[in-house]
Amino acid sequence: MIDASRLRRLTVHGWFLVMIAAFTVLVAVCAVMGAVMIERTSSLSDELTTRISPAAIEASQMQKALIDQETGVRGFLLTGRQEFLQPYAEGVAAEQLSSAQVAAHVGDRPDLLAELNAISDKAAAWRRDYAEPMTAERRDDGSVPGVTVEAGKQAFDEIRTMLERQNGRLAQLRESSRVELFRAEQLRNWAFLAMLVLFPLAMVGMAVLLRRAVVRPLDQLRMASREIAAGDFEHAIPARGPADIREVAEDVDLMRVRIVQALGDSHRQQVLLREQAADLDAQAVELRRSNAELEQFAYVASHDLQEPLRKVATFCQLLEKRYGEVLDERGKQYIRFAVDGATRMQVLINDLLRFSRVGRVYDDREPVELEETLDKVIDDLSAPIEESGARFERPGKLPTVVGDPTMLRLLWQNLISNAIKFRDPAREPLIRIGCEPGVDGWDFSVADNGIGVEPEFADKIFVIFQRLHSREQYSGTGIGLAMCKKIVENHGGRIWLDTGYTGGARLCFTLPATTLPATTLPATTQSATTQSATTQPATTQPVSTLPADPGIDHEGNSS
């Protein structure tokens, strides 16, 4: 027995270990008992169903086969008709098969096996000494001595007696096995019932002991701590229960004397926090003023700064129209350079404005059907899609996310235009849009079979004004992918280049969902497939007809 002083030194962990050890021993004992009972009943059931009962059935079949032999021989001797020997031949084959089966089932019982061998030897002797000689004599001269027939009948009666004795022993063995199995099953059921009763009683006893030894001291410590927290700093903390709980109570009681000092420090911290809050309010006012100035700048950039560009482009076009006949090819080229420069400057201004407004002006968060948004983008790009012969593979149904509809539409348009712009001249563009549930929302991808991006430029393409190709090869301002990154990050996601993708470029990004996805996409897709559609790089147009939402290239260019 454990004395009181040793129990008093136990910690909460020690008490739990004692409870777990006791419960483990109980479970182990019950498990061993259950396993023994189950194994006993299982072995008895297998012995009865797979050996004794089949042996009894085969013994009956063997008896029937021997009787068929005797019946066939008797019929042939009486009538002389050859067909009566057919049951005899079949009975011999059936007897041998049944005898082998019975021997296989009772091989572990020497007495039954010896009796079976005696029956087989006796049957073989009957066939050798009586059945075969009598049938041979009947075939030769058509008569058989009555003495021989009577002797054969007596020999078979001995076989019949041995068969009945064998069947009786097998039946008795089967009955005794059934009784033993029934008793074992009863003992097993009582053992399991005792376990079912013992487990709740043991659990209740352990719970009562655990409450008295651990839970009650913890409750006392909790109530005393709450009284101190309510302001009663003179209340003493009782030190009862396991050793570690007593130590905690003593430490809390020591901490009580420092609470007043902590309260004074707290008051000083509150004053400091108020001062910091006032500073933050002043910074917020300054930030709002700065945002207002940025709005004014955006207005000037979108109207006043673009007006001279429109004039330059317009008057250059009028100059070419009026004096085109007197200008040589170089002069016309200069005019086209001027128009193209003004156009690209206006595109750059629009892209910079749109880039600066992401997350600041366009921030109308609402549920957005990405399926409908993507359909609108493909419809807007129908002309370049048809011209380039591009095809799309899309999921059966895109999900709903929370975000800004305008920005998400611009995200789709930039990525799709980018995929078409950098297509491989040797094949038609194929754009695969993927979507699958992610950890915190949805994972999307836009893959193409174009010229691709080298892995070392995976980060560079998302930097504003970064280009991988010259403007003569591919037009653009270098803002598109930077804008896509800003849109995705403003929605709480991230965007990256899949450097392991070959045969083109694959851009992946994540977006949060209205609710976390519980199921995968419909099975109508093939690793992110859908309807056909396409895209094409945007071309340089006059200032008055610039596209509202330019596409982007792999370097982050907006076309």
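Which hand does the crossing of α12 and α13 have, left-handed or right-handed? In this predicted model, the crossing of these two helices is left-handed. The protein has 559 residues, of which 37% count as buried, and its secondary structure consists of 13 helices and seven strands.

**Overall figures**
- The accessible surface of the protein comes to about 31,800 Å², and carbon and sulfur atoms account for 57% of that area.

**The α12 and α13 pair**
- Two packed helices are described by the angle between their axes and the distance between the axes.
- For α12 and α13, the axes come within 10 Å and cross at roughly 145°.
- On the α12 side the contact is made by M407, L410, L411, N414 and L415, while α13 contributes G480, L481, M483, C484, I487 and V488.

**The five-stranded sheet**
- Five strands form an open sheet with mixed pairing, and their order is β2-β4-β5-β7-β6.
- The edges are taken by β2 (391-393) and β6, each of which has a single partner strand, so one side of each is left without a neighbour in the sheet.
- Neighbouring strands of this sheet are turned against each other by 15° on average, with direction ignored.
- Strands β2 and β4 run parallel and are joined by three bridges; R391 has L430 in β4 as its bridge partner.
- Helix α12 lies across β2, β4, β5 and β7, and runs at about 170° to β7.

- In soluble globular proteins, nonpolar side chains tend to be buried together.
- The largest nonpolar core here has 43 residues, and those with the most contacts inside it are L370, W412, F444 and F509.
- Two or more residues each are given to this core by α10 (370-380), α12 (405-421), β4 (430-437), β5 (441-447), α13 (480-490), β6 (495-497) and β7 (506-512).
- The element that gives the most to this core is α12, with nine residues.
- Leaving aside residues up to four places away in sequence, F509 touches L411, W412, L415, W442, D443, F444, V488, R494, I495 and W496.
- Another core lies apart from the largest one and has 26 residues, among them M62, Y88, W126 and A131.

**The β1 and β3 pair**
- Strand β1 (residues 366-369) and strand β3 run antiparallel and are joined by four bridges, with P367 standing opposite V402 in β3.
- In a regular strand the side chains alternate between the two faces of the sheet.
- Strand β3 (residues 400-403) has V401 and G403 on a covered face, whereas T400 and V402 belong to an uncovered one.

- Residue S99 lies in helix α3, which spans residues 85-105.
- With a relative accessible area of 14%, S99 counts as buried because this value is under the 20% cut-off.
- The contacts of S99, not counting residues up to four places away in sequence, are with M62, L116 and S120, and M62 is also among the residues of the 26-residue core.

Methods:
Residues are numbered from 1 along each chain as its sequence is written. This is a predicted model: local features need pLDDT of at least 70, side-chain atom pairs count only at pLDDT 80 or more; totals for chains, interfaces and linings use all residues. Side-chain values use heavy atoms; hydrogens and water are left out. A nonpolar core is a set of buried Ala, Val, Leu, Ile, Met, Phe, Trp, Tyr and Cys residues joined through side-chain atoms within 4.5 Å. Buried means under 20% relative accessible area, exposed over 50%, partly exposed in between (1.4 Å probe, protein chains only). Contact means heavy atoms within 4.5 Å. Accessible areas come from the Shrake-Rupley method with a 1.4 Å probe; for residues, only the protein chains shown count as cover. Two strands pair if DSSP finds at least two bridges between them. Axes are lines fitted to C-alpha atoms, for helices over the stretch in contact, and angles run from 0 to 180 degrees between N-to-C directions. A crossing is left-handed if the near helix is turned anticlockwise from the far one by less than a right angle, and right-handed if clockwise.
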